Amino acid sequence: MAPGHEDCFARSKNLALIMGAAGIPVGFFRAHVTLKDLTLAQKMQRWQNVKLTARIMANPMATFAAAGFAFAAADCSMKNYLGREDTLTGIMGGAAVGAVLGLKTNSGVNAIKYGALVAGAMIVTDFLTKVVPALTSDLKPSGPIELHNKPAAASH
């Protein structure tokens, strides 16, 4: 690996772990929705519910982790290949995320559609992160507006 290039696998692994953890609330919500219709007798079987909840939570966690891994791997690989970070790196990362989400539906057509959709979202995000700071550079970040009053003329 050339000096200055980050280790893409390590970055991808770290983002996969972070995104897997980010999938936990989604898994809890899906488990809640699935388990709310159980009968009282079924709810009393705690170990069965724990196993069922874990199975339900694993799906979104794995999806988030795979999407994070795909984004970081594509983004980092493009940065290393091009030698710079620009809009194209984000587009490729977004296309990889969309492909992962589309392949989850077992359809290559959906993978291409979702890849294009997420890549388009990355273009918009990249555009906004470059344009908004330029448009708001003269704004004060926080605090009250300070009025510059002229000192009152001394009366003689």
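**Pocket, bridges and rings**

Mentor: The largest pocket holds about 160 Å³ of space. A pocket here is an open set of points on a 1 Å grid over the protein atoms alone, where a 1.4 Å probe fits, with protein on both sides within 12 Å along at least five of seven lines. The volume is the space filled by probe spheres set on the points.

Trainee: Before we go on, what kind of model is this?
Mentor: A predicted one: local features need pLDDT of at least 70, side-chain atom pairs count only at pLDDT 80 or more, and totals for chains, interfaces and linings use all residues. Residues are numbered from 1 along each chain as its sequence is written, and side-chain values use heavy atoms, leaving out hydrogens and water.

Trainee: OK. Which residues line the largest pocket?
Mentor: Phe71, Asp75, Glu85, Asp86, Thr87, Thr89, Gly90, Met122, Thr125, Asp126, Thr129 and Lys130. Lining residues have an atom within 4 Å of a point.

Trainee: Which elements give two or more residues to that lining?
Mentor: Helix 4 (46–82), helix 5 (87–103) and helix 6 (108–135). Helices are DSSP runs (H or I, at least four residues), numbered from the N terminus. Helix 6 gives the largest share, five residues.

Trainee: And by class, what does the lining have?
Mentor: Two nonpolar, five polar and five charged residues. Asp, Glu, Lys and Arg count as charged; Ala, Val, Leu, Ile, Met, Phe, Trp, Tyr, Cys and Pro as nonpolar; the others, Gly among them, as polar.

Trainee: New topic. How many salt bridges does a search of the whole structure find?
Mentor: Five. A salt bridge is a side-chain nitrogen of Lys or Arg within 4 Å of a carboxyl oxygen of Asp or Glu. Take Arg11 and Asp75: their closest N and O atoms are 3.2 Å apart. That pair links distant parts of the chain, with Arg11 in helix 1 (residues 8–22) and Asp75 in helix 4, 64 residues apart.

Trainee: Is Asp75 buried or exposed?
Mentor: Buried, at 4% relative accessibility. The cut-offs are under 20% relative accessible area for buried, over 50% for exposed, and partly exposed in between (1.4 Å probe, protein chains only). Arg11 is partly exposed at 25%.

Trainee: What about Lys79 and Glu85?
Mentor: Their side chains meet in a salt bridge, 3.6 Å from N to O. Lys79 is buried at 15%, whereas Glu85 is exposed at 60%.

Trainee: Which residue forms a salt bridge with Asp126?
Mentor: Lys130, with the closest N and O atoms 3.1 Å apart. Elsewhere, salt bridges that share partners join Arg11, Asp75, Lys79 and Glu85 into one network.

Trainee: Now the rings. How many aromatic pairs are there?
Mentor: The count comes to one. It is Phe9 with Phe69: ring centres 6.2 Å apart and planes at 75°, so the pair is edge-to-face. Rings of Phe, Tyr and Trp (its six-membered ring) pair if their centres lie within 6.5 Å; planes under 30 degrees apart are stacked, over 60 edge-to-face, the rest tilted.

Trainee: Where do Phe9 and Phe69 lie?
Mentor: Phe9 is in helix 1 and Phe69 in helix 4, so the pair ties together parts 60 residues apart in sequence. Phe9 is exposed at 54%, and Phe69 is partly exposed at 33%.
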